[in-house]
Amino acid sequence: MEASLSVSLSCVLACGDVEGKFDILFNRVQAIQKKSGNFDLLLCVGNFFGSTPDAEWEEYKTGTKKAPIQTYVLGANNQETVKYFQDADGCELAENITYLGRKGIFTGSSGLQIVYLSGTESLNEPVPGYSFSPKDVSSLRTMLCTTSQFKGVDILLTSPWPKYVGNFGNSSGEVDTKKCGSALVSSLATGLKPRYHFAALEKTYYERLPYRNHIVLQENAQHATRFIALANVGNPEKKKYLYAFSIVPMKLMDAAELVKQPPDVTENPYRKSGQEASTGKQILAPVEESACQFFFDLNEKQGRKRSSTGRDSKSSPHPKQPRKPPQPPGPCWFCLASPEVEKHLVVNIGTHCYLALAKGGLSDDHVLILPIGHYQSVVELSAEVVEEVEKYKATLRRFFKSRGKRCVVFERNYKSHHLQLQIAQPGAAYFYVELDTGEKLFHRIKKNFPLQFGREVLASEAILNVPDKSDWRQCQISKEDEETLARCFRKDFEPYDFTLDD
């Protein structure tokens, strides 16, 4: 077992722009290896050569000096350095230093799969010798992603950052990922699902929080991706330009171990919420497109929408047409456009979801999170609805905590027609609970389950100590009192209302 593990585990160093500072880089690598032991390979992204002739490189080229580790580099990012890379398919530049090529797949002796794309993005024809085109990216994706067994790759190497990589993530500092970077690289990362993605060129270090490669509750869990941008070698600010890590090739890993989600994992930065769920396609997040929120008028003009800008959507000659939410098979008390819904209980409306006081609530601030469209359960929600449900849950936790209260979220998908998030496969019966400690409880219902179980537990003497409120039908109050409670909740919740920020 131990011998097998040592063979499959690869110890890797990744490096940012070298820019001709070979001695600084290799001296640093030697020091690291002396302290931590030998690494298997060094992967260099960004500009390996400087833009001016350098006698230092001649010493490595002629063999006077030798790289202390097997080093693989990407190609030119500008016209000045194209001359160093004579063979587009890759070649040895000096002993222990190999140019990978314009694009392709490199598989190490351990089975580690590395996909590489040299150069910067170009949408013009003919494509310069230091650039890649949409065809290059498409061919890489086709080469790998068309087989049904494809799960992803171990490492992706590009010089440019992927555009939008900062979406949903931690701050990328001075780099605006909505403007900088390559949309083609974003597309490649979306399709290839690398476990590690390295890039450079921006002269800064940025380790993004890991992100998911699947849609929660709609797709089977997949491994997470870690994007790491590295600074330039020997930079005076001492920003990190070398990154060391160990990795077992994904094809040798246990499936359950591979898909374990890091505790700080975020949503995929390249997805345009919702569209990929309904079309089955990955769509890059458009950054310049402004979000337009819609509010349902809760008056006699039922169902008509107005945008958050205050303009009635019918006044525009080309109004944005939001995707129509699913419709119920019959009367539903919870669909917002339904005559059956008691609109005076509605206390907040988002783009895809709304909050309403529970009829016969356990407390005066017992609320339901409900999708505007008709969905039976969370597992059937589209991505944009799931995102807003999560936003409401997080906001309610903060709201109740500020009032010295605990927040319990539960959902019963059993003998119900509309999702009532009080929060498998689609269609499965279940009971689900989230506590404000972060604990989540899930029970698969196979047969006979008490419909009021969630209320009964919360109403018990051990928790709220209101056992007489376990049945909502015994807790009803007048419409006037309900309206008063709704007004109070709206006023108290207003400081936390994220819909006002749009």
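How many helices and strands does the secondary structure of the protein chain come to? The tally is 10 helices and 22 strands, and keep in mind that this is a predicted model.

**View 1. The whole chain, as a starting point.** Of the 502 residues in the protein chain, 48% count as buried. The chain exposes about 25,400 Å², and 50% of that area is supplied by carbon and sulfur atoms.

**View 2. Helix α5 and its surroundings.** Helix α5 covers residues 183-192, and because 9 of its 10 residues are buried, the rest of the structure largely encloses it. The buried set runs through Leu-184, Val-185, Ser-186, Ser-187, Leu-188, Ala-189, Thr-190, Gly-191 and Leu-192. What do these buried residues pack against? Their neighbours are the strands β7 (113-117), β8 (120-121), β9 (131-132), β10 (153-158) and β11 (194-199), plus helix α4 (134-145).

View 3. Strand β21 (residues 430-435) is mostly covered, with 5 of its 6 residues buried. It runs antiparallel to β22 (residues 440-444), and 5 bridges join the two strands. To find your way along the pairing, look for Tyr-432, whose bridge partner in β22 is Phe-442. The hairpin leaves 4 residues between β21 and β22, and in that turn Gly-438 has a positive phi of about 100 degrees.

Definitions and conventions
Residues numbered from 1 in each chain as written. Predicted model: local features only at pLDDT ≥ 70, side-chain atom pairs only at ≥ 80, totals over all residues. Heavy atoms only, no water. Buried < 20%, exposed > 50% of the residue type's maximum accessible area, 1.4 Å probe, protein only. Pairing = 2+ DSSP bridges. Areas by Shrake-Rupley, 256 points an atom, 1.4 Å probe, with all protein chains shown as cover. Contact = heavy atoms within 4.5 Å.
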